[in-house]
Structure formats: structure tokens, C-alpha cells
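Hi everyone, thanks for coming.

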Amino acid sequence: MKNIKAIVGLVIVVILVIAVVLGLKKNEQASSGGSADEKVIRVGTTAQTYPNSYKDDAGNLKGFDVELTEAVAKDLGYKVEWKIIGDVPGLLSAIDSKKIDTVANGITILPEREKLYDFSKPVGYYAAQIAVKTDSPYHSVADLEGKTVSGTLGSSNITLLEDYNSKVNIKTYDDRSAVFTDADKGTVDGVVNQRQFLQQTIKEQKLDLRIIDEVIGWNVSAYPFAKTKEGQNLKSDFNKTIKKLQKDGTITKLSKKYYGEDVSKKSE
């Protein structure tokens, strides 16, 4: 009888220990905002690139790249953990240091970047153009030779302009707002950026700028991944879902929502 009582007591103790452990584990999961087997993907963005990635008046992260990434992650069974990083060089460096898994910020595929990162299938095509003061005498890129235009530090649009016409001077800025305010004030002669971004910013901020029709090159955007086994696996998964979202019209729908046109296809 004593042996039976001892065994029963031991069983009760074991059950209580298991219950406590499970309770602690449940609390840890609740405090971290997810389950133990939940897959998380860390995605970097500037939250400063309207309408790709920005914060609304309530401070919520919005934009074409944001919604598209959430759609891709949902299809793959991931929860997105957003990391706000100020500029493109910083975003790419965060991949190198393994702080993030990829970037959702209209990142352009460039030869020098392809040496360092594996890119997914393209998700957007953006014409690079220059905006100038409405009443300025500039109507072509050649008209701006010897003049100065503003550009965001690390932007692919700067590289495209340098390759297209190296006689146009470029002043780089860390501040994404200053590239436009200086062009609007006439401190510089123009601003180089993606056409859709120029259109939306001029409209939203009511700037006294017009876009020169001439296209200096194309930004083909995609998701960059580290050149590792994990990066290659993520890229493969993203490619399958991107193809699926292109086929079912999701990407086109998001394009028209944020740009008023379909940026998933190259068009003049």
C-alpha cells in the first residue's frame, strides 16, 4: 500500500511539473506574439518611399511593396517581422549582417548588386526620369548638361543617370524629402527618381515640378537574398509565390491601387 501511495504521489508531482513547464512555455509564446512553430521572416524597408513603403497618418506601414510582401508571406505561411532602416545601403548591409532576410523597398537589380545578392523574379518596372521646375527651360536630359539634379544616396536612379549622361551633375542627399524640396525651391535644377514616385510625390506635396518625358533607364525591382543556402531556399519559395500572384492578378491589382497603373509589366 505504501508503495502504491508513493507511486501515485510521484505521478502527481510529475504531472504538476509538466503543467508548470507547459504554462511557462505558453506564456513565453504569448509574450513573443507567436507560436513555437510559427515561421517568421524578417523584412527590411525604409518606410519613406511613397508609395512603395511608407507610414500613414496613424503610423501604420503601408505601400505596394508592403502589401505584396505580406501576401507572399501569407501564402508561404510566414509572419512578417518588419525592420525599419533609413536607406538602401543600410538595408542591403542588414542582409550581410543577417539582421534581415530580404528587403521590400523597390530594390533595383543592378550588376554590382547581383555579385553580392541573389534576386527573386522581378515584381516591378519603374522608368527613371527627371523632374524640373514647371517654368524651367529644360525639356531634355541634354538641356541639363552642366546643371545639377538631386538624388537619394544609394539610389539606382543615380547610377542610371550617370550611365545615360555623365555631363549632368548629381547632388546626393541622405534626406529623401530634401531631394524634392530643393528641386521645388530651385536650389538644384531638377530631381531624378522613378516616374511613379515623382508623379505621386509631386501630386501629394503639390510641388511646382513637371517630369521630362525622356526615360534615362529602367529600374527592375525584386527581392534580394543572401548568397547562402537559406537565401537560395527563400528565393525559390518567393519565386513560386510571385509567379502565382502574377497569374491570379494580385500584383496587378496592388499596382493599380498604389500607382494607378500596372508596374508589374514594362511599359513606356
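Sorted by class, the residues lining the largest pocket are five nonpolar, two polar and four charged. Here Ala, Val, Leu, Ile, Met, Phe, Trp, Tyr, Cys and Pro count as nonpolar, Asp, Glu, Lys and Arg as charged, and the others, Gly among them, as polar. This is a predicted model, where local features need pLDDT of at least 70, side-chain atom pairs count only at pLDDT 80 or more, and totals for chains, interfaces and linings use all residues. Residues are numbered from 1 along each chain as its sequence is written, and side-chain values use heavy atoms, leaving out hydrogens and water.

Which residues line the largest pocket? They are Arg 42, Ile 95, Lys 98, Ile 100, Asp 101, Phe 225, Ala 226, Thr 228, Glu 230, Gly 231 and Leu 234. Two elements, β14 (224-226) and α8 (229-247), each give two or more residues to this lining, and α8 provides the largest share, three residues.

How confident is the predictor? The average pLDDT, a per-residue confidence from 0 to 100, is 88 for the chain, and 85% of the residues score at least 70. Over residues 19-35, though, the pLDDT is below 50. Where pLDDT is low, the predicted coordinates should not be read in detail.

Note on methods: 1 Å grid on protein atoms, 1.4 Å probe; cavity = no way out; pocket = protein on both sides within 12 Å on 5 of 7 lines; lining within 4 Å. Helix = DSSP H or I, 4+ residues; strand = E, 2+ residues; numbered from the N terminus. pLDDT = per-residue confidence, 0-100. Contact = heavy atoms within 4.5 Å.
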